[in-house]
Structure formats: C-alpha cells, structure tokens
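Here's a quick briefing to read with the model open in your viewer.

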Amino acid sequence: MTTSALPALSDIPEGVVPGLLRIENSDREATTPVILEMLRSVYPHDQIFGDYCPVQGYIDCPPRDLYEYLADTRSLEEWTYSLRGFTETEEPGLWESYDRLGPNTKIYTRTVANPDAMTVDYHCAWDQGEHLWMVYLMRVVDAQVVFDKPGSVVLWTNCHHPFYDRNPYQDTAPEGRKVWVGDFWEMFSAGHQLELDNLKAIAEYRASNGLPITPDWMK
Amino acid sequence: MDFTDPRLTSPPPVSLVDVASYLPGEPVGTEYFTQFSRSERMAKNVMFRAPKARHHRGRDETVVDMAERAVAPLVDRHGTQLLPNIDILLTHTQLPDNPVLGAGGELARRLNMNPHYVFDVHNGGCAAFVHMMWLARTIMQTTDARTALIVATQNCAGPVFTQTEIRKLAQAPVPGDGCGVGLLVKDGSAPILDIECRTYPEFAGDMEFSTGSERKYWEPGEGQGCVSFTESKVAKVFARGNRLVPEVAHEVCKRIGVKSQDIDTLVTNQPNRLFLRNWHDALELPAERHPDTFDQCGNLFAAGIPVTLDTENQAGRLRNGSVVLMSAFAHAGDFAGAAAVRWGAAR
C-alpha cells in the first residue's frame, strides 16, 4: 500500500538504498531518538566547517540595495578584510586586485550575480585569472519573508576546493611568498564572520544615515 | 572600628564538609520493565535508553525513612552531637508523602534536631542540591546560623513508574530512587567557591503531571499519575538541557577563574546518557572526569548529584583540594544551577 500521490522511488527496489530514513520505513517514534542522538551541546569545529564554511547574518538594510552593492565587484574593496586595489582587466568583468594576506599577491575576481534570486557568486583565484576556483557563494534574502521584519539576511558559503590544500599554479606565485591561501582555511569561519560583520556595519551605517548603500564612487 | 577589615565587607566562607547517601532496596533489573514494553522498538528508544539497574523504594517507605538512612553515615562520622547542633534544615522531595506538607518538620523530629530554619523547597527540581547549597549559604552568611543539613530525596521511581500503565512506557525504566544529603558549615575548610542559580520563567509550565485521564490527581477515579512532556516538547527540552547545564557551569568557571577543562570533577544531574555525553563535551572534559551513577541508579533527579558525589568520595576518587563542579537543570528548563567547591571531604 502506498500513501503517496506520486510514484516515489518506483525505479528502485525497496530497501536497496542504504541509510534512507523515510516515514514509510521509520516512523516518528523510531526516528525521534535518531535525531536526538544527533543533537549536541557543542559540535567539533571540523564537523561544521570541514568541507564547507557557512556564515550568515542579519543586516538592517533594504535587501535589493544590499544585493546591488554586493553585485558590484568593487564593494569587496570596502567590506573584505584584505582585498585592495581593484582594477578591471582587459577581459570584461574580470577584476584584478591585491590580497594583502600574502605579500605581492594578486587576486582575480569575476562576479556572477542573479538579480531574480539575489545571488552573488564571487569566482576568484590567487595569482592567475585563468582558472577561478575559489568560489564564494552569497545570497541576499528579504528578511520580511524569513524573519517577518524589514532588512536583509545574507547567506554565504564557501566550499573546500582541493586547491586550497595544493596550489596547482605554483609557477604564477610571486617569488619568496611563504603563505598559500589554503593555509588559512581553518580560520575562514572566523575570518568570513569578521568580513560579514564589516558588511553589516557599513551597510547599516549607510542605511541609518540616509546614504545610498552603493556609494557614489562606485557609480 | 577598622573599616578595611575584610570580614566587614566579604561574606564568610561556607563549606560543603561532607556528603552521604542512601539507595533503597535491592537493585531492580531492566528486565522488570522490558516484560511490559509495548514493542521491541520501544525498548530501544535512545532518548530514554534504560540504565542497567535502579533502586525502588518500598511502598511504605517514607521520605523521612529514606532521609534518616541517608543521614546515618554523617552521624557515624561526626558524632551524636551533630544533629542537635544543626541550625538549618532544608529538604527537597520529589514526591511528598503528604502533598500539602514538606518533610522538614517530621524529619527534624525523627532526628532529634532543633533547627532555627526549616525550609521544604520544591522549585530546584533536579538542581535542588545546588539550589539548597545556595539557600543554606545565603542564610549562613546573613544570620548567625553556622551549620546546615540539606536533603534531596527522589522517591517517585518505585511508586509512580511501576504502576501497571506507566511501567509500559519507554521512560519508565529510567528513574531510580535514592536520597543524598550534604553537611554545610560556616568555615573555610572546603569552601563553596561560587554558586549560580537561575530561574527561567519562559520555560516554566512545560512539564506536566497528568493522571492519564480527566481526573485531577486529588480526585478519586481511574487513571495513573505520571510526570511527562508532550511529545513535541521532548526535543525542545533536550535542546534546552544541552545548553543550560554548560551555560551555568561556564558562568561559575568564569567567576572563579578556572577554565572548564581544568575542573577536576564534574557532577551533573543524570537524565540520560546523551545529556551526560553532551555536557562533558561542552565543557571540554574527558568522560572520566564526569562520573555518574546512571547505570546503577538511573535518573535520580535531585538526588543524582549528592549520590554520585558520595559514591565517588567513598571510592577515593575525590581528592582534597581539587575543584568539584556541580551543574544541573530542572524540569523542562525553568531552573538551572551550578556550584564549585574546593573539595575537603575526602576519605
């Protein structure tokens, strides 16, 4: 007997997919203890930030204005901790700047933004602009929808690309540089939170003082 | 008068100088309950995963009987003049024998005590031992009272959780009965370093006492009384407990200037194994520095802390001079308390 309106999983024989917990094979009485077992007072850092680095926060600023600010690559000059000196390269949309975490370290950024979804993805790389493998996925959400109050919620996730552990473009690295961006991976959760706090401080200051969120110099 | 005399400004130290406990009857094995379980799966319920054994008080064994037995070792160790000289008697009873009357007065009579201050305190729940330490210390620091006996009795496992309908429930095998007592003296021999007690009104009222029927508990008729949470509240209470016990423990650690990792012994209430795991994880302590008596005694509610302290102390695992941190939360999270003591009752 099925209670589903759709032929869910009809392509797969019953019981062959390991670890599947659905109400049909594990009712609430059986599943609640499984979920309680998963709840902890504290979670190991690695369990939360191992392969993903999520940070998120509320910013008291209109979401569309915040999205438009973030969608301009030059905003990174303001709210990031260490990206400075943005200039557009000859290749349209590809920006070059310095990541002052490393001496003489260039970083290349291409921003892919979707105004309908209000997603802003920064595709970046140190030292070369051919293969942008550091990807910062951001999404601005209207806080009215999720928190029933004006403002913005910013979701920001970074995935642990294998190049963080191994720089495949060593020939493009400046001579004598001892650090690699991936060396800082364990600090990303705190570092990104610091930058998100910067974004909040800047955007809320402008919003509360009647200034445009995107400043005139970026227009 | 010397106004720089520290005795004029800082309250006098109060010490937890001894603990003792009593467990009623022979251990009751889990098979007593599994024979009544409604399903195989229920027996495996992780939230209420049963201890191997627990003690049940006899049907006619009163809270005063249990307390008298728990106090007996203190008299052996401190002499027959101990009890007549106690100034403060505080009792906490899980299931009062007389619902309109606490046990303090009758206990004082039975033990030939003549205390100036007798309080039966009910709101500390599973954190009652810490709550009573806080209350006793406050009285001692503001009056001329010098000694206090605090008594935490959990006595609902036998009478409530073995009822014919209740014993079938997944949570029935978890509680156990027992009584733990503490002796406090106004001196600096085993000082209470600090205590934090917090009431959380926003979480009050989430624990129910129902008879499983329309009947109020004082009315005659069908239905068996039991303490419970609604099913949807179990996860909320669990998340609160995960947070509250480390929260008050960390507060005490901060105030006494000790990192939680440097606590020698952590003793908490012991509702189930998951809480025990989560709490020492949260305080970054290895499991061996967080002893419990869950497997032998089940959830002892308010008696959990003193029974475990006594068990560890008798086994020689509490060293004089070490820092013992107690922390617990009550009911559905409406109260939590933590206390740190420089241990001085080693034997």
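This is a predicted model: local features need pLDDT of at least 70, side-chain atom pairs count only at pLDDT 80 or more; totals for chains, interfaces and linings use all residues.

For chain B, the pLDDT averages 94, and 95% of the residues score at least 70.

**Where the two chains meet**

- Chain B puts 19 residues into the contact, and chain A puts in 11 residues.
- About 1,300 Å² is buried between chain B and chain A, with carbon and sulfur atoms giving 49% of that area.
- On the polar side, there are 7 residue pairs in polar contact between chain B and chain A, counting pairs with both residues at pLDDT 80 or more.
- The interface of chain B and chain A also has 3 salt bridges. One to look up is B:Arg277 with A:Glu37, where the closest N and O atoms are 3.1 Å apart.
- Which elements of chain B give two or more residues to the side that touches chain A? They are α3 (40–43), α8 (231–256) and α9 (273–282). The top contributor is α8(B), with 7 residues.

**Helix α9 of chain B**

- This helix is largely enclosed by the rest of the structure, because 8 of the 10 residues of α9(B) are buried.
- The buried residues of α9(B) include B:Leu274, B:Phe275, B:Leu276 and B:Trp279. B:Arg277 is on that buried list too, and B:Arg277 is also the salt-bridge partner of A:Glu37.
- What sits over those buried residues? The cover includes α1 (28–38) of chain A, along with α8, β11 (265–268), α10 (294–297) and β12 (323–330) of chain B.
- At the start of α9(B), a side-chain oxygen of B:Asn272 comes to within 3.0 Å of the backbone nitrogen of B:Leu274.
- After α9(B) comes B:Glu284, which has a positive phi, near 55°.

- In soluble globular proteins, nonpolar side chains tend to be buried together.
- The largest nonpolar core here has 43 residues, and the members touching the most other members are A:Leu66, A:Trp79, A:Tyr122 and A:Met134. Strand β5 (residues 119–126) of chain A is the biggest giver to this core, with 5 residues.
- There's a second, separate core of 38 residues, and B:Ala152, B:Cys197, B:Val267 and B:Ile305 are among them.
- Back to A:Leu66: setting aside neighbours within four places in sequence, its contacts include A:Ile59, A:Val140, A:Val154, A:Leu199 and A:Ile213.

**B:Asn155**

- You'll find B:Asn155 in the loop between β6 (147–154) and α7 (157–161) of chain B.
- Is B:Asn155 buried or exposed? B:Asn155 has a relative accessible area of 0%, so it counts as buried.
- Its side chain reaches the backbone nitrogen of B:Leu95 at 3.0 Å.
- Beyond residues up to four places away in sequence, B:Asn155 touches several others, including B:Arg57, B:Met66, B:Thr93, B:Asp97 and B:Asp177.

**B:Ser21**

- B:Ser21 belongs to strand β1 (residues 15–22) of chain B.
- Its relative accessibility is 18%, and the cut-off for buried is under 20%, so B:Ser21 counts as buried.
- The side chains of B:Ser21 and B:Asp310 are joined by a polar contact of 2.7 Å.

**B:Thr30 and B:Pro51**

- B:Thr30 is in the loop between β2 (28–29) and α2 (31–34) of chain B, and B:Pro51 is in the loop between α3 and β3 (53–54).
- Both count as buried: B:Thr30 has a relative accessible area of 18%, and B:Pro51 has 1%.
- These two residues touch each other.
- A polar atom of the B:Thr30 side chain lies 3.2 Å from the backbone oxygen of B:Lys52.
- B:Pro51 also touches residues including B:Pro173, B:Val174, B:Arg273 and B:Phe294.

Technical notes. Residues are numbered from 1 along each chain as its sequence is written. Chains are lettered from A and ligands numbered from 1 in the order in which they are written. Side-chain values use heavy atoms; hydrogens and water are left out. pLDDT is the predictor's confidence in each residue, from 0 to 100. Helices (H or I, at least four residues) and strands (E, at least two) are DSSP runs, numbered from the N terminus. Buried means under 20% relative accessible area, exposed over 50%, partly exposed in between (1.4 Å probe, protein chains only). A polar contact is a pair of N or O atoms within 3.5 Å; within protein, one must be able to donate a hydrogen and the other to accept it, and residues adjacent in sequence count only if both atoms are side-chain atoms. Contact means heavy atoms within 4.5 Å. A nonpolar core is a set of buried Ala, Val, Leu, Ile, Met, Phe, Trp, Tyr and Cys residues joined through side-chain atoms within 4.5 Å. Buried area is the accessible area (1.4 Å probe) that two parts lose on being put together, summed over both. A salt bridge is a side-chain nitrogen of Lys or Arg within 4 Å of a carboxyl oxygen of Asp or Glu.
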